[in-house]
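Hi,

Here is the structure I promised to pass on. Have a look at it first, and then read my notes below.

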Amino acid sequence: MKYVVFAGTPGSGKTSVLMSLAKTMQERGFRPSIVKIDCLWTEDDKRLLRLGLPVRVALSKDMCPDHFAIYNIEEMIAWAGQEDSDLLLNETAGLCLRCAPFTESCLAVCVIDVTSGPNTPLKVGPLLTSADVVMMTKGDMVSQAEREVFRERVLEANPTCQAIEANGLTGKGSTELADIVTRWGHVTKGMRLRNNPPFSICTLCAGETRVEKEHHRGILRHMDSFVEYQGE
Amino acid sequence: MSERMTLTIKGGIDKSGIDEPVRSITVEGGEIVGIVGPTGSGKSTLISDIEQLAQLDTPSHRMVLINGERPEWSVRTDPRRKLVAQLSQSMHFLADMDVGEFLKMHAKSRGKPASLAPETVDLANTLCGEPLSVDDHLTTLSGGQSRALMTADIALISDSPIVLIDEIENAGIRKQEALHLLSGEGKIVIVVTHDPILALLTARRVAMSNGGMSKIIERSERERTMCSRLAEVDNMLISLREVIRNGHMVGEQP
Ligand SMILES: Nc1nc2c(ncn2[C@@H]2O[C@H](COP(=O)(O)OP(=O)(O)OP(=O)(O)O)[C@@H](O)[C@H]2O)c(=O)[nH]1
Ligand SMILES: [Mg+2]
Ligand SMILES: [Zn+2]
C-alpha cells in the first residue's frame with residue numbers, strides 16, 4: 001500500500017489536487033481509495049464520490065483532527081486493503097498548524113494557496129517544513145513574480161521539498177505529483193510520526209470552562225513565553 | 001542569448017477533443033506574435049501551455065520545444081533557469097509586503113542582484129502617470145501602477161528570452177512603450193490582445209477558436225498602414241488624457 005497524506009489550510013485546494021492525482025494514478029493502473037478527515041462537517045465526499053472510487057469520511061468532532069487522523073491510520077490502511085486498493089489518499093482537515101499527521105514512510109504533501117501571501121510559508125510550521133512535496137495552488141490568480149517569490153519562501157521554510165506549481169481547476173502539477181507517487185515506497189509496519197504532536201493536555205482539554213488562572217492545571221505557557229507546571 | 005532562440009508549439013487538441021487545425025508554429029527571437037480570439041476561445045490556456053513548456057501533460061496535449069528540442073525539467077520549474085517571463089491578466093498584487101522588499105525577494109528567486117529593485121521602480125515610473133515608490137505597500141497600488149511595476153519587473157528582473165503578455169490594453173499604461181520595453185533585444189514575444197493597435201503591431205497572429213489554434217494570419221500591407229494611423233490617434237489620446245488629468249483645458253497652452 002502506498003500512503004499519501006494531503007495536509008494544508010482550509011480551502012487551499014486539497015480536494016481539487018487530490019482528485020486530479022486520483023485520476024492520473026488510475027490512468028496509470030493504480031487502484032486508489034480516499035479518506036477525508038474533517039472536524040465537524042464536510043461536503044468533500046459528494047465531490048470525491050464522483051470519481052467512482054471507494055471514499056470514506058471521518059469526523060473528529062471534539063478531538064484535534066490531526067490527532068484523530070493519527071490514531072486512525074492503521075484502520076484507514078486496513079480499510080483501503082479490504083477495498084482492494086494499492087494507494088490510499090488521505091485528505092486531512094488542516095486546522096491545527098502545530099501538528100502534521102505525516103508518518104515517516106508516507107508521501108507527505110502540503111497544499112498551500114499562493115493567494116494567502118508570501119508570509120504564509122513561514123507561518124504554517126510542520127505542515128510545510130516536514131512535507132516531501134509542496135503543491136502551490138491558485139497561481140492563476142497572481143502574477144508570475146508573486147508565484148516566484150512565494151516559491152522562494154517555501155524553499156526557505158523547507159529547502160529539500162519538491163515545490164510544484166499546481167492548479168486545482170486545470171490539474172496542472174498532477175503529472176509531476178503522480179511521478180513522485182509512482183516512485184515512492186510502500187508503508188510498512190511500525191510506522192512513526194515525523195514530528196512530535198504538541199503537548200496539549202490541560203484543564204481545558206478536560207472540559208473546564210472557567211477562565212481565571214486559578215482553575216487551570218498542567219503545563220501552562222504565558223504570553224511572555226514563561227512555561228510552568230501547575231498541579232500534583 | 002548570443003544565438004537566436006526558437007520556440008515551437010506543436011498542436012494538440014481543442015475543447016471537443018479533436019486535433020486543432022494549426023499543427024505547428026515556430027517563432028524566432030526578435031519576432032512578436034499575436035494571439036487573438038473571443039473570450040473563452042483558449043487564449044489564456046495557450047499562454048499557460050507556453051509558460052509551463054507543456055510536454056503533452058496539459059489538457060490541450062500541446063508540446064512546446066525550445067530550439068527544436070524538449071526542454072529539461074529544471075528549465076520548466078527553477079526560476080533561476082526559467083526561459084519564460086509572463087505578464088498575466090491579474091492586475092493586482094496580493095502579497096502583504098512593500099514594493100522594495102518584494103522586488104528584492106523576486107530578484108533573489110531569479111538569481112539577480114537586489115540592487116535591481118530601485119531601478120525597477122524608476123522604470124515603472126516611466127510607464128505610468130501615477131508615480132510609485134519602494135516604500136509603497138503592494139496591495140495599495142492601482143491597476144495601472146501594478147501593471148507598470150509588473151512590466152518593469154519583466155524587463156529588468158525576470159529578463160527571460162521568451163515573454164508572454166496576456167492583455168495590456170486597459171491597464172492605464174503606455175502600451176506601445178510597454179511592448180517595446182518587454183520585447184528588449186532579440187526576445188520572442190507572444191501577446192494576447194483584443195486591441196487593434198497591438199494586434200496589428202505583430203507581423204503574424206494566431207486566431208483561436210473552441211480552445212484550439214485555428215489559423216495563422218499574416219499581416220497585410222493595408223493592416224500595416226492602418227496600424228501606423230491608429231498609433232498616431234492613440235498617442236494623441238494619451239496626450240489629451242495627460243492634459244485633462246493635470247487640470248488643463250484641451251487646446252490651451254499649459
Ligand atoms: N483559481 C483557482 N481556484 C482553485 C484552485 N484550486 C482550487 N481552487 C478552488 O478553491 C476552492 C477550494 O478548493 P478545495 O479543493 O475544495 O480546497 P480544500 O483544501 O479541499 O478545502 P477544505 O477541504 O474545505 O479545507 C474551490 O472553489 C476550488 O475550485 C486553483 O488552482 N486556482
Ligand atoms: Mg477538501
Ligand atoms: Zn493539534
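A quick definition to start: I call a residue near a molecule if one of its heavy atoms lies within 4 Å of it. This is a predicted model, where local features need pLDDT of at least 70 and side-chain atom pairs count only at pLDDT 80 or more, while totals for chains, interfaces and linings use all residues. Residues are numbered from 1 along each chain as its sequence is written, chains are lettered from A and ligands numbered from 1 in the order in which they are written, and side-chain values use heavy atoms, with hydrogens and water left out.

Now the ligand. Ligand 1 has 17 residues around it, and A:Lys14, A:Thr15, A:Ser16, A:Arg47 and A:Glu91 come nearest. By type, that shell splits into three nonpolar, seven polar and seven charged residues (nonpolar: Ala, Val, Leu, Ile, Met, Phe, Trp, Tyr, Cys and Pro; charged: Asp, Glu, Lys and Arg; polar: the others, Gly among them). Helix H1 (14-27) and helix H2 (44-49) of chain A each supply at least two of the shell residues, and H1(A) gives the most, with three. Helices here are DSSP runs of H or I with at least four residues, strands are runs of E with at least two, and both are numbered from the N terminus.

On to chain B. Three strands form an open sheet there, in the order S2-S1-S4 with antiparallel pairing; two strands pair if DSSP finds at least two bridges between them. Its edge strands are S2 (24-28) and S4 (63-66). S1 (residues 6-10) is joined to S2(B) by five bridges, and B:Thr8 stands opposite B:Thr26 in S2(B).

Cheers
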